[in-house]
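This report examines selected features of one protein chain.

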Amino acid sequence: MSQLPSAIFLMGPTASGKTASAIELVSSGLPVELISVDSALVFRDMDVGTAKPTPEELARAPHHLIDIISPEASYSAARFRDDALALMADITARGKVPVLVGGTMLYFNTLQHGMHDLPQADAALRLQLEADAAAHGWPAMHARLAQLDPITAARLEPGDSQRIGRALEVCMLSGQPMSTLLAAPAAAPLPYRLLKLGLVPSDRSVLHARINQRFSQMLDDGLLDEVSDLRRHYQLSLELPSMRCVGYRQAWEYLDGLFDLQTLEDKGTAATRQLAKRQLTWLRGMDDVTPLDCVDQRVVAEVARAVKSWL
């Protein structure tokens with residue numbers, strides 16, 4: 001391992017202070033370069049609802065893989081791995097250490113352990129599954145998945161159409177549960193010596209309070225105007241990955257008159273707390289993670305101290 005180049009994972013749930021910690025690493029003069037690991041920050045013109053670093057912050061500490069695709073497009077874990085590996089090789093060749101910072105745990109997992117050999121998407125089967133869902137509803141499709149692959153179904157929400165559809169597709173194409181295929185070793189693990197830092201809360205209620213305050217601030221900062229502009233300038237629907245990002249679906253439905261402003265805030269904060277819960281579940285299942293308390297006011301300094309002592 002000592003022969004391998006170094007890389008750092010800076011992981012944590014939403015509102016845990018990842019961006020501030022990453023910027024401090026750059027500002028302190030460490031020989032590091034940042035790569036965003038966030039499935040929402042890849043989208044252009046989605047700034048408020050994704051808590052994207054501000055232009056001033058990006059000027060101080062540039063992040064790769066931010067603002068790289070249109071909200072009309074899709075971005076996969078496989079594409080992230082290819083992009084990240086190319087960037088890491090370039091950063092290492094220039095004598096710096098890549099710091100991968102974000103909260104999309106699937107991307108971290110795929111980057112470290114490689115891709116599993118899952119069957120390719122089948123357009124005809126996907127159309128059949130979508131027709132079944134239109135007739136019976138996605139909760140019924142979730143129940144169908146629970147019979148075929150109870151492990152995968154247990155980690156998915158009944159309304160998560162994209163992931164339920166993909167899991168059913170994998171089961172039907174391969175004849176095996178997706179959870180079984182994912183449990184098998186993947187090829188081509190990451191060729192780096194890793195420091196994995198996890199920003200986790202010692203008090204979950206403090207994180208929830210931050211999430212509530214953050215979503216309220218997003219509304220004050222113009223989230224609804226942002227979603228209105230996106231709908232006006234792009235060909236979007238609620239089925240696209242960009243509009244499935246937390247906060248955007250709820251804002252879209254509010255703009256369609258489905259509920260009032262208080263309900264929007266309630267739904268937005270609840271969805272964000274659920275996201276944080278899933279992120280923390282991923283973190284607990286990852287090996288060799290050094291936990292740092294994200295509700296400690298000294299966490300930014302603790303991250304810098306941990307990195308300096310490791311490099």
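Predicted model: local features only at pLDDT ≥ 70, side-chain atom pairs only at ≥ 80, totals over all residues.

Beyond its neighbours within four places in sequence, Val 42 is in contact with Leu 65, Asp 67, Ile 68, Ile 69 and Tyr 75. Arg 273, by comparison, lies 231 residues away along the chain, and its C-alpha atom is separated from that of Val 42 by 21 Å.

## The buried side of helix H6

Helix H6 spans residues 138-148, and its buried residues are Met 141, His 142 and Leu 145. These residues cover an arc of only 105 degrees around the axis, so they fall on the same side of H6. An α-helix has 3.6 residues a turn, and residues three or four places apart therefore point the same way.

Pro 139 and Gln 147 are exposed and sit on the face of H6 turned away from the buried side. The cover over the buried residues of H6 includes helix H5 (123-136), helix H7 (150-154) and helix H8 (161-174).

## The second largest pocket

The second largest pocket holds about 250 Å³ of space. It is lined by 13 residues, of which Ala 51, Arg 214, Gln 217, Met 218 and Asp 221 are the closest to its centre.

## Salt bridges

The whole structure contains 14 salt bridges. One of them pairs Glu 33 with Arg 94, with the closest N and O atoms 2.8 Å apart. Because Glu 33 lies in strand E2 and Arg 94 in the loop between helix H3 (77-93) and strand E4 (97-102), this pair ties together parts 61 residues apart in sequence. Glu 33 is buried, at a relative accessible area of 13%, whereas Arg 94 is partly exposed, at 42%.

A salt bridge also joins Asp 256 and Arg 231, whose closest N and O atoms are 3.1 Å apart. Asp 256 belongs to the loop between helix H12 (248-255) and helix H13 (261-285), and Arg 231 to helix H11 (residues 223-233); the pair links distant parts of the chain, 25 residues apart. Both are partly exposed, with relative accessibilities of 43% for Asp 256 and 28% for Arg 231.

Asp 296 and Arg 298 form a further salt bridge, at 2.9 Å from N to O. Asp 296 is partly exposed, with a relative accessible area of 24%, while Arg 298 is exposed, at 56%. Elsewhere, salt bridges that share partners join Glu 33, Asp 90 and Arg 94 into one network.

Definitions and conventions: Residues numbered from 1 in each chain as written. Heavy atoms only, no water. Contact = heavy atoms within 4.5 Å. Buried < 20%, exposed > 50% of the residue type's maximum accessible area, 1.4 Å probe, protein only. Helix = DSSP H or I, 4+ residues; strand = E, 2+ residues; numbered from the N terminus. Arc of directions from axis to C-beta. 1 Å grid on protein atoms, 1.4 Å probe; cavity = no way out; pocket = protein on both sides within 12 Å on 5 of 7 lines; lining within 4 Å. Points joined across faces, edges and corners; volume = space filled by probe spheres on them. Salt bridge = Lys/Arg side-chain N within 4 Å of Asp/Glu carboxyl O.
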